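Subject: Structure handover

Hi,

As promised, here is the structure for you to open. Once you have it on screen, read on below for what turned up.

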Amino acid sequence: MYRPTPPVIHLKDYRPPEFLIDQAVLRFDLGLDETAVHAELDIRRNPAATRGDGDLRLDGEHLELLELALDDRPLPPVEYSVHEDALVVHRVPDRFRLRTRVLIRPRDNTALEGLYVSGDMLCTQCEAEGFRRITYYLDRPDVMARFRVELAADPARFPVLLSNGNPAGEETLDDGRRLARWDDPFPKPSYLFAVVAGNLAAVSDSFTTQSGRDVPLNIYVEPENTDKCDHAMRSLKAAMRWDEERYGREYDLDVFNIVAVSHFNMGAMENKGLNVFNAKYILARPDTATDMDFAGIEGVVAHEYFHNWTGNRITCRDWFQLSLKEGFTVYRDQEFSADMGSRGVKRIEDVRMLRARQFPEDAGPMAHPVRPDSYIEINNFYTATVYEKGAEVVRMQANLLGPERFRRGTDLYFLRFDGQAVTTEDFVGCMEEASGLDLEQFRRWYAQAGTPVLECADSFDAATGTYTLEVRQHTPATPGQPTKLPLHIPFALGLLDAAGNDLALQLAGEAEPPAPGTRMLSLREPVQRFSFTGLAAEPVPSLLRGFSAPVIVRYPYSDAQLDFLMTHDSDGFNRWDAAQTLSVRLLLELVAEPDKPVPDAYIDAFRRTLLNDDGDQALLAEVLTLPSESYLGDQMRSVDVDGIHRARELLAAAIGEQLRDDLLAVFERNLEPAEYALSPAAVGRRALRNCALGYLMRVPSADILERCQNQFRAGHNMTDVIAALRCLVDADPALFGDAGEWALAAFYERWSADALVLDKWFSLQAQSSRIDTLERVERLMGHPRFSLTNPNRVRALIGAFAIGNPLRFHAADGAGYHFLADRILELDPLNPQIASRLLYPMTRWRRYDDHRQGLMRDQLERVLEVEGLSNDVYEVVSKSLGQAQG
């Protein structure tokens, strides 16, 4: 079957826009089925652009053109042409006003891009290229215009009418409709445009800025959810204060609005002055949301607010520069969350996610640089590489510059580029200028894909007291980049003496030793050696402290050294990493030798760590948590799905059995008090107790089952309820009876009316290790509360199974692959973004045994053969199969 190949967009082909838009005046006559959009655009030719053929080409999709006029003159059809994706106006003057009126159909918009229906409300999502579904426009980020908006609607159906900027008055029209006006004084690209209309209730507060302005704050939700907004509001106010104190950034509009919607493709959107959120990242009470949910809300609320400067006031020139705003803003929200809670735990969470999502991305067919060179569909590049690795690239610059110089660099960036659309080069240039550092080699991080590997070796000369560390760096080849150049890598190092104390790291030739602790080294060459003097005995190295760079470190640690670092390292991240490394080593041995007994030394090390209560119980819970099955698979040349699961279950059961009394003591010692708290200490207490419960439930015991069921029944908080429910759902019916089914039924009866809590009910079943999980997932597809048009529900069931359940998804019969391919083909015509993102687990088909490779390849080829496939899905599948260009 012939298939036209979608065009590939290349960074090298970027050209400034031939036309600019100074002002956009929009009028919406709102309706769920039909909405009319009137637009008046003040357009002029761009003096910095190459003059073209004189035609104006405006982006537009799924629009019905009703009127078109240039400088108030209606245009005859001979003077323009309408295409599937554009409106072309022929031979336009150098400066003019273009007026259009189009009709759009929000209810039919299942892609959730542009203006669409969520429940009974209307809302928009315009990033990256959704505005072209609203009206004809130059829909690219380097066209920044002032927007004035009028919204007209039936006040009974849409009592709340919101858009960007400041409210500019309202009136009642002759036909009884209400007209609301909004004026945004700051130029912005079209992707930041937003409209919301619906029957919403506001939870209101205010914030006093550092200059003394009182800014009203509103979170708009469906009326029944007003009691779930307190945490989001506290998080917003904390983020506003933090941004003033850390970066000197004050909020700039007269009001700040947030709206929570139930149908949303992503987490949230930073539209200027009107942030639109997936309800998952706003709504929370202790009885409906877990500690992880609360942390997610805090981070995402902060992230979208921080975009006001890093994304809105300064935006990206083109979509290849997406990490300019996202990488910097992710770094900012990570630092904010670290300051609000446990910095050590936050770093572990971020790195665990990076290793689980971004490292495999770097090693797979979709590998791309932080600043990609090309794409077919930009929606496919909202990736862990652009976001999380992009944040690590910013973090490395902060590490290299130090706090004072990094702040000078960001101040210069804000001052120089406010109101502009710029590039990652502009950002690095400010860091370079403000610090005096040469970052020319560092720029390769933006252009070069792949995860660098650092091979470390050392030696100690007792006669001279000199410790020498050799580091070799190399980056594996990635698609389109077979050859890699050395990178500039900040490498944080510590050395510990036999008592576990940090040593002073005095480089050979230095006159005076620094204070004991961590030293930041700069790696620039393929091979570098560092010699440290003044040491009385051979130290134990603590490498890449704080995960100072997104790299893989290889060093021949002995089990005893890892045990030592688990117990003594002053760097919380490296304590956790030592525990992970020790566990990975043992688990891979158990995969290769299923009959191998769990060594006493490992159990003893686990016990010492469990009993080493240093006050940070959240960090302790992280250290005691075994690596995930997916992460273990990433450490193997060929993933042994069944062997990994068997080994991990065996080790968890051995811990539960041999440390039963110690685990039970930890569980009882950390019982939840009557008063719920969200403090770091309380979060850590719950994390440690539920970690202990997870191990205890691996071994059949009536008294432990009773404790688990009691925790579930108590319903004190959703964190404890979900932890207990997860244990019960995964419990072997042959050993625990119908405890899981009873708990699921009770949970559904209690929470069936709450959509976000019900998502947890779907997910827990989809992630269960029980042998009938796929059959259960297929039944749940027919559940009256399931819908393919709701992204949250799709992610909760289909995504949780395909991405979060490697054991059952990768079952040897291939049923999981066939199921996912069927769902992709169902979803693609409805919502291509969601369909393409669900493909992730099959993009790595070459990592599995020959049998599973063949089964996955067959399903990918079946998807590719379908006529009318979206660019989103086509790009992911074709690259996975090695057929895509670019």
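Before the findings, some ground rules. This is a predicted model, in which local features need pLDDT of at least 70, side-chain atom pairs count only at pLDDT 80 or more, and totals for chains, interfaces and linings use all residues. Residues are numbered from 1 along each chain as its sequence is written, and side-chain values use heavy atoms, with hydrogens and water left out.

Ala69 stands opposite Pro74 in S6.

**Two backbone details**

Most residues other than glycine have a negative phi, and most peptide bonds are trans. Which residue has a positive phi although it is not a glycine? That is Asp71, with a phi of about 50°, and its place is in the loop between S5 and S6. The other detail is a cis peptide bond between Glu127 and Ala128, with omega at about 5°. Ala128 lies in the loop between strand S11 (121-125) and strand S12 (145-153).

**Helix pairs**

For helix pairs, axes are lines fitted to C-alpha atoms, for helices over the stretch in contact, and angles run from 0 to 180 degrees between N-to-C directions. Angles under 35 degrees count as roughly parallel, over 145 as roughly antiparallel, 65 to 115 as roughly perpendicular and the rest as oblique.

The axes of helix H4 (residues 343-362) and H10 come within 9 Å and cross at roughly 45°, so H4 and H10 are oblique to each other. For helix H18 (residues 718-730) and helix H21 (residues 755-766), the axes come within 11 Å and cross at roughly 25°, so H18 and H21 are roughly parallel to each other.

**Cavities**

How many cavities of 30 Å³ or more does the structure hold? There are 2. A cavity is a set of points, on a 1 Å grid over the protein atoms alone, where a 1.4 Å probe fits but cannot get out; lining residues have an atom within 4 Å of a point. Grid points are joined across faces, edges and corners, and a volume is the space filled by probe spheres set on the points.

The largest cavity has a volume of about 80 Å³. It is lined by 13 residues, and Met566, Ala579, Ser583, Tyr602 and Phe606 are the closest to its centre. Helix H10 (572-592), helix H11 (600-611) and helix H12 (617-624) each supply at least two residues of that lining.

The second largest cavity has a volume of about 40 Å³. Its lining includes Val729, Glu741, Arg770 and Asp772, and helix H20 (739-751) and helix H22 (773-781) each supply at least two of the lining residues.

Happy exploring!

How values were computed. Two strands pair if DSSP finds at least two bridges between them. Helices (H or I, at least four residues) and strands (E, at least two) are DSSP runs, numbered from the N terminus. On a 1 Å grid over the protein atoms alone, a cavity is a set of points where a 1.4 Å probe fits but cannot get out, and a pocket is an open set with protein on both sides within 12 Å along at least five of seven lines; lining residues have an atom within 4 Å of a point.
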